[in-house]
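Good morning, and thank you for joining.

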Amino acid sequence: MAKTFSAGGVAHGAKYWRLTIDVKESGGERRRLTKTTKIACTKNSTRGRSAALTALRQWRDELIRQAEAEDSVGSGTPTADYAEDFITRHSEVAPATREEYMRAVRDLRLARIGEVPISMLKPSDVQDWMIWLRDERGLGSASRNKKHGVLAMVCKYAAAIGDAPIIATGLLKAPKDLPKPVTSLTESSALEVAAQLRARLPEPLALAGIIALMTGMRRGEICALRWQNWDEDRQMLLVRHTLAKGENGGFVLRDNPKDPSGRGAFRDIPVPSTLAAALASAREAQRQRIRGFGRWSPSLFICGNPLTGAWLSPNVLSFRWSALSAAMNWVGTQGDPVIFHGLRHTFATVSIAQGCDVMSLASILGHKDPSMTMKVYATALAAPKRAAMDRLGDFYS
């Protein structure tokens, strides 16, 4: 093992015991690591010291294991193996994101680049991989960019610790396709679909569709909505949870929906009176359905099964919606039946056409950066820009 660790020590902190361990690197450099525990301490008292020493030993053992694992890979390790090792040990991300990273690793293994040692990776190797992903895997620009980003993250780490002389991906941008317009309903089609959905209430599928069409919420956020998230007095839907994919492929309820600030803040979405009426109608229907089987509770899911208390799976929602969309011939702007996520796009494009400013729209959609909103819906922004220029023309005429 290249690194060596001191026995370490414990000391009183302001409120909690603090741990320190000295590290000697392979090159002889020394540095001190510190860590604050959750073990409370009192000045001039040994209370909690034994627990702090136990935590110190556990931390030191963990550092040694990490150092030994780092020694198992190096500059001669094939890129795919190096990437998998990095993601396994260093990537503290949600299970769904980790799975996305591992899909990139699987694509590295399928191509020649996966066998190239990380230290010998060249921009031409990355370029060949990008072309392979496009021509052999049939991936679009967005998917290729994600995989390129994973490899760039791995190469940046390899260069930082001396396993790679250059950041190969930093010298080459992922090839881009021409921007693909989003698939949404036209304004007239949106009105027609909304009317047909209201006629199908209180069916959960119809209610979910109306919520997406009038708020732009994601399917996981809609399926996670409970009646306690409906603030009827303020006419607000409170986005507090989402159903995200877990490690086993199923969905788990998480309390970290995407938000515009990027700091874990929650979103409160104002709803139009039409949606408020639909929610009131659906809630009353749910009360009637559960009567005789048990007490209705605001903790029940808005689009779930009130008899079992189960949520509606996002995958089931998408499947049922696609079947309904095809049967009803709800065709989008690109000529295909509108999938459920297309309702989110419809909300955004209709909002822009009706004069909603980009900052407000980004906040409602949960985009961290308004530039993302502008990038995705650039085509929809053309109509308001044309109208603005026409008004300017009228001013000067």
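When I speak of residues touching, I mean contact, that is, heavy atoms within 4.5 Å. Please keep in mind that this is a predicted model.

With that in place, consider Leu279. Leaving aside residues up to four places away in sequence, Leu279 touches Leu207, Ile211, Trp227, Trp230, Leu237 and Ile302. Leu279 belongs to the largest nonpolar core, which has 46 residues, and is among those with the most contacts inside this core, together with Ile211, Leu237 and Trp321. Helices H6, H7, H8, H9 and H10 and strand S6 each supply at least two residues of this core. Which element gives the most? That is H7, with nine residues. A second, separate core has 27 residues, including Tyr101, Val105, Ile118 and Cys155.

Let us turn to helix H10, residues 314-328. Its 15 residues should span 21 Å at 1.5 Å a residue, and its end C-alpha atoms are 21 Å apart, so expectation and model agree. The buried residues of H10 are Pro314, Leu317, Trp321, Leu324 and Ser325. Where do these buried residues lie around the axis of H10? They fall within an arc of 100°, so they line one face of the helix. After H10 comes Asn329, with a positive phi near 60°.

The Asp107 side chain makes a polar contact of 2.7 Å with the side chain of Arg137. Besides Arg137, Asp107 touches Trp129, Trp132, Leu133, Leu139 and Lys147, again not counting residues up to four places away in sequence.

Finally, the strands. S3 runs antiparallel to S1, to which two bridges join it; here Thr4 has Lys24 as its bridge partner. S2 is also antiparallel to S3, with three bridges, and Gly9 stands opposite Thr20. S2 and S3 form a hairpin with four residues between them. Eight bridges join S3 to S4, again antiparallel, and Leu19 is paired with Lys35 in S4.

Terms used
Residues numbered from 1 in each chain as written. Predicted model: local features only at pLDDT ≥ 70, side-chain atom pairs only at ≥ 80, totals over all residues. Heavy atoms only, no water. Core = buried A, V, L, I, M, F, W, Y, C linked by side-chain atoms within 4.5 Å. Buried < 20%, exposed > 50% of the residue type's maximum accessible area, 1.4 Å probe, protein only. Expected span 1.5 Å × (residues − 1). Arc of directions from axis to C-beta. Polar contact = N/O pair within 3.5 Å; in protein donor to acceptor, adjacent residues only side chain to side chain. Pairing = 2+ DSSP bridges.
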